[in-house]
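Subject: the model, plus notes

Hi,

Here is the model I promised to send over.

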Amino acid sequence: MQFYGDRNCGTGILMGCYKKKVSPVLYDRMESIKDGNGKGMGLLKISLSCSRGFTLTELLIVLGIMGVALMLSATWLSSQLPNWRLNGAARQIVSDLLAAKMKAVVERNRQRVIFQDDHRYMLLDDDNNNGKSDPDEHIEDRDIQENYRDVMMTASNNPSFLPRGTASSLASITLSNSAGKRIITVSITGRVKVKS
C-alpha cells in the first residue's frame, strides 16, 4: 500500500483502503492530478476515510446533550401529572353521570349518584323508584383516588336521573388538586357540563 499526504498531520490517505471506497474512474481522475513532486493532489484534500466510528469526546458530548434533554423532559412531565390526574377524574365522573342518565332512559327507572365523601361515590339503580337503596337493587361503588390519587371532590347535591333523561335536582361537583379545580354541573334538563 502506498501513502499519499503528510504522515504527521493526518491529511493523507492509504491508497489501498481508498481504492476500495471510490469508483475506478474517480480514482484514476484523482490520481492524474499531480503536483510538482508527482504526488496526487486530489488525495491530499481528503482526510482519512479508513477511520470508522466516533471519538470518545463526540460520544460524551452526545450523551451529555441527551442527559440534559431527559432531565428537562422529566421535570416538565412531573409538573403536568397533577393536571392530567384532575382531567382524568373529571372525565371519569362525567362518564358515570352520563351513563346513569342513559341507563335511566333505557331501564325506565331512577338512577341515583350518591357522593359519600371527598373521593368516593355510589351509583344506585333504583328499580322501585323509592329513592333508597334496597337489598335487591344494583349498587356500584367508585373511588376516584384509585386512579387519580391527589384529587379531592365535594358535591353540592346527589343527582338523580329520571326516566325522561332529566335530573330531579341541580348538582355541582367540584374536583380539586394542586393543578387547580374543575366544576361539573348537572342541570335540571340532565345536561352534564365541565367548567375549568
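This is a predicted model: local features need pLDDT of at least 70, side-chain atom pairs count only at pLDDT 80 or more; totals for chains, interfaces and linings use all residues.

Below is what I found, starting with the overall layout and ending with a few single residues.

Residues are numbered from 1 along each chain as its sequence is written, and side-chain values use heavy atoms, with hydrogens and water left out.

**Layout**

The protein has four helices and 10 strands; helices (H or I, at least four residues) and strands (E, at least two) are DSSP runs numbered from the N terminus. Along the sequence the pattern reads β-β-α-α-α-α-β-β-β-β-β-β-β-β. Of the 196 residues, 31% are buried, where buried means under 20% relative accessible area, exposed over 50%, and partly exposed in between (1.4 Å probe, protein chains only). Among contacts (heavy atoms within 4.5 Å) with a separation of 6 or more, 45% link residues 24 or more positions apart.

H4 has 52 residues and runs 71 Å from its first C-alpha to its last, close to the 76 Å expected at 1.5 Å a residue. That expected span is 1.5 Å times one less than the number of residues. H4 does bend, by about 35° at Gln80, and Pro82 follows within four residues. The bend is the angle between axes fitted to the seven residues ending at a residue and the seven starting there.

Arg108 lies in the loop between H4 and E3. Its phi is near 60°, a positive value in a residue other than glycine. For context, most residues other than glycine have a negative phi. Arg108 is also exposed, with a relative accessible area of 62%.

**Sheet one: E6-E8-E9-E10**

This is an open sheet of four strands in that order, with antiparallel pairing; strands pair if DSSP finds at least two bridges between them. E6 (152-155) and E10 (192-195) are at the edges with a single partner strand each, so one side of each has no neighbour in the sheet. On average, neighbouring strands here are turned by 20° against each other, direction ignored. Axes are lines fitted to C-alpha atoms, for helices over the stretch in contact, and angles run from 0 to 180 degrees between N-to-C directions.

H4 packs on this sheet, touching E6, E8, E9 and E10, and its direction makes about 10° with that of E9. E8 and E9 pair over seven bridges in the antiparallel sense, and Ile173 has Ile184 in E9 as its bridge partner. E9 and E10 are antiparallel too, over four bridges, with Val186 opposite Val192 in E10. The E9-E10 hairpin has five residues between its strands, and Gly190 in it takes a positive phi near 95°.

**Sheet two: E5-E4-E3-E7**

Here again four strands form an open sheet with antiparallel pairing, in the order E5-E4-E3-E7. E5 and E7 (160-161) are the edge strands, each with a single partner, so one side of each is left without a neighbour in the sheet. E4 and E5 pair over five bridges.

Asp141 is in E5 (residues 139-143) and counts as exposed at 57% relative accessibility. Its bridge partner is Met122; the two are 19 residues apart in sequence, and 4.5 Å apart in space, C-alpha to C-alpha. Leaving aside neighbours within four places in sequence, Asp141 contacts Gln116, Tyr121 and Met122.

Val113, in E3, is buried at 1% relative accessibility. Beyond its neighbours within four places, its contacts include Leu97, Ala100, Leu123 and Phe161. Its C-alpha is 8.7 Å from that of Asp96, 17 residues away along the chain.

**The core**

Which residues touch the most other members of the largest nonpolar core? Of its 24 residues, they are Ile93, Leu97, Phe161, Leu175 and Ile184. H4 (56-107), E3 (110-115), E4 (120-126), E8 (171-177) and E9 (180-186) each supply at least two residues of this core, and H4 gives the most, with eight. A nonpolar core is a set of buried Ala, Val, Leu, Ile, Met, Phe, Trp, Tyr and Cys residues joined through side-chain atoms within 4.5 Å.

Cheers
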